[in-house]
Amino acid sequence: MVILGIIVIYPVLITFITAFKDANVQAFVLDFGGKWTLANFKTLFTSTLYGSWYLNTMVISISCMVIQVIVVTLAGYVYSRYRFAGKKFSLTFFIVIQMVPTMAALTAYYVLANMLNALDHYWFLTAIYIGGGIPQNTWLMKGYFDNVPYDLDESAKLDGAGNFKIFWSIVLPLVKPMIAVQALWAFMSPVQDYLMAKFLLTSESHYTVAVGLQTFINNAQNQQVVLFSAGAILVAFPIAALFFYLQRFFVSGLLAGGSKG
């Protein structure tokens, strides 16, 4: 655990310290010396397009989170509680889709974006993120719904509850931990992704933070390491805030008192 902690904390500490350096540095090094300043954060918003990149990323991430959580939750419930034609085939198809690496599909995404005139458009990139997250996460949600005792559904039906009432009032509150996990994953994916955004976004003003930050260190002769570090620190705040907000739902054993003997 100590070794793992060092591996994780060391690069974060370097990034944090570099973000507050008064002068630009040539490389990412752990150096506590020199004058510290907040000017780098001001420069990000006054002299670069970081503000636009930040807004673009938040719009895409929030859209992905909301839409994907709704779709995955409903799909997981349906696959868990209902029988219908093509159920087994579609679940198998979801697994097969996950075997195709993103790199192998980049050319197809680019051609499709050209056909739809969707290059450099957020909606297409958002749709790719959502579509890519649905298969695996639907399986995960289905597995979590399967752990909710079906006796609860039967008891609710005897009391006159309809299908939607059972889903919304009985089952859904018991799967909040997994919904919270799904929300966090869906929000984090666009923030962390570089390859897909770089491939499909062509205008610098339309970049996400991951792609935009890379422009600060692309030029080996003039790397803006302090700006890169400052931008990386700022983009971590929404993820941390969402994690702490959802932390109350990350509780195990919620099903223990769901039904009585």
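Start with Phe 45: with a relative accessibility of 48%, Phe 45 counts as partly exposed (buried is under 20% relative accessible area, exposed over 50%, partly exposed in between, with a 1.4 Å probe and protein chains only). The model here is a predicted one, where local features need pLDDT of at least 70 and side-chain atom pairs count only at pLDDT 80 or more, while totals for chains, interfaces and linings use all residues. Residues are numbered from 1 along each chain as its sequence is written, and side-chain values use heavy atoms, with hydrogens and water left out.

The structure holds 17 aromatic pairs; rings of Phe, Tyr and Trp (its six-membered ring) pair if their centres lie within 6.5 Å, and planes under 30 degrees apart count as stacked, over 60 as edge-to-face and the rest as tilted. Phe 45 and Tyr 50 make one of these pairs, edge-to-face because their planes stand at 85 degrees, with ring centres 5.4 Å apart. Tyr 50 is buried, at a relative accessible area of 0%. Another edge-to-face pair is made by Tyr 79 and Phe 94, at 6.0 Å centre to centre and 70 degrees between the planes. Tyr 79 belongs to helix 3 and Phe 94 to helix 4, so this pair ties together parts that are 15 residues apart in sequence. Helices here are DSSP runs (H or I, at least four residues), numbered from the N terminus. Tyr 79 is buried at 9% relative accessibility, and Phe 94 is buried too, at 15%. One aromatic cluster is formed by Tyr 77, Tyr 82, Phe 145, Phe 164, Phe 167 and Trp 168.

A pocket, on a 1 Å grid over the protein atoms alone, is an open set of points where a 1.4 Å probe fits, with protein on both sides within 12 Å along at least five of seven lines; lining residues have an atom within 4 Å of a point. Grid points are joined across faces, edges and corners, and a volume is the space filled by probe spheres set on the points. The second largest pocket has about 420 Å³ of space. Its lining is made of 16 residues, with Val 69, Thr 73, Trp 168, Leu 172 and Ile 179 nearest the centre. Two or more lining residues come from each of helix 3, helix 8 (163–171), helix 9 and helix 12 (225–246). Helix 3 gives the largest share, six residues. Sorted by class, this lining has 14 nonpolar, one polar and one charged residues; Ala, Val, Leu, Ile, Met, Phe, Trp, Tyr, Cys and Pro count as nonpolar, Asp, Glu, Lys and Arg as charged, and the others, Gly among them, as polar.

As for the largest pocket, its volume is about 660 Å³. It is lined by 26 residues, and Thr 102, Ile 128, Tyr 129, Gly 132 and Gly 133 are the ones nearest its centre. Among the elements that give two or more residues to this lining are helix 3 (50–81), helix 6 (122–146) and helix 9 (176–192). Helix 6 supplies the largest share, nine residues. The lining of the largest pocket comprises 16 nonpolar, nine polar and one charged residues.

Helix 9 is largely enclosed by the rest of the structure, because 12 of its 17 residues are buried. Among the buried ones are Pro 177, Met 178, Gln 182, Phe 187 and Val 191. The buried residues of helix 9 pack against helix 3, helix 6, helix 11 (209–217) and helix 12, where contact means heavy atoms within 4.5 Å. Over in helix 6 sits Asn 137, which is buried at a relative accessible area of 7%. Leaving aside neighbours within four places in sequence, Asn 137 is in contact with Gln 68, Val 72, Gln 182 and Trp 185.

Helix 12 also holds Leu 227, a buried residue with a relative accessible area of 8%. Not counting residues up to four places away in sequence, Leu 227 touches Asn 40, Thr 43, Leu 44, Thr 48, Leu 213 and Phe 216. One of these, Thr 43, lies in helix 2 (residues 39–47) and is partly exposed at 27% relative accessibility. Thr 43 and Ala 230 are 187 residues apart along the chain, yet their C-alpha atoms are separated by 9.6 Å.
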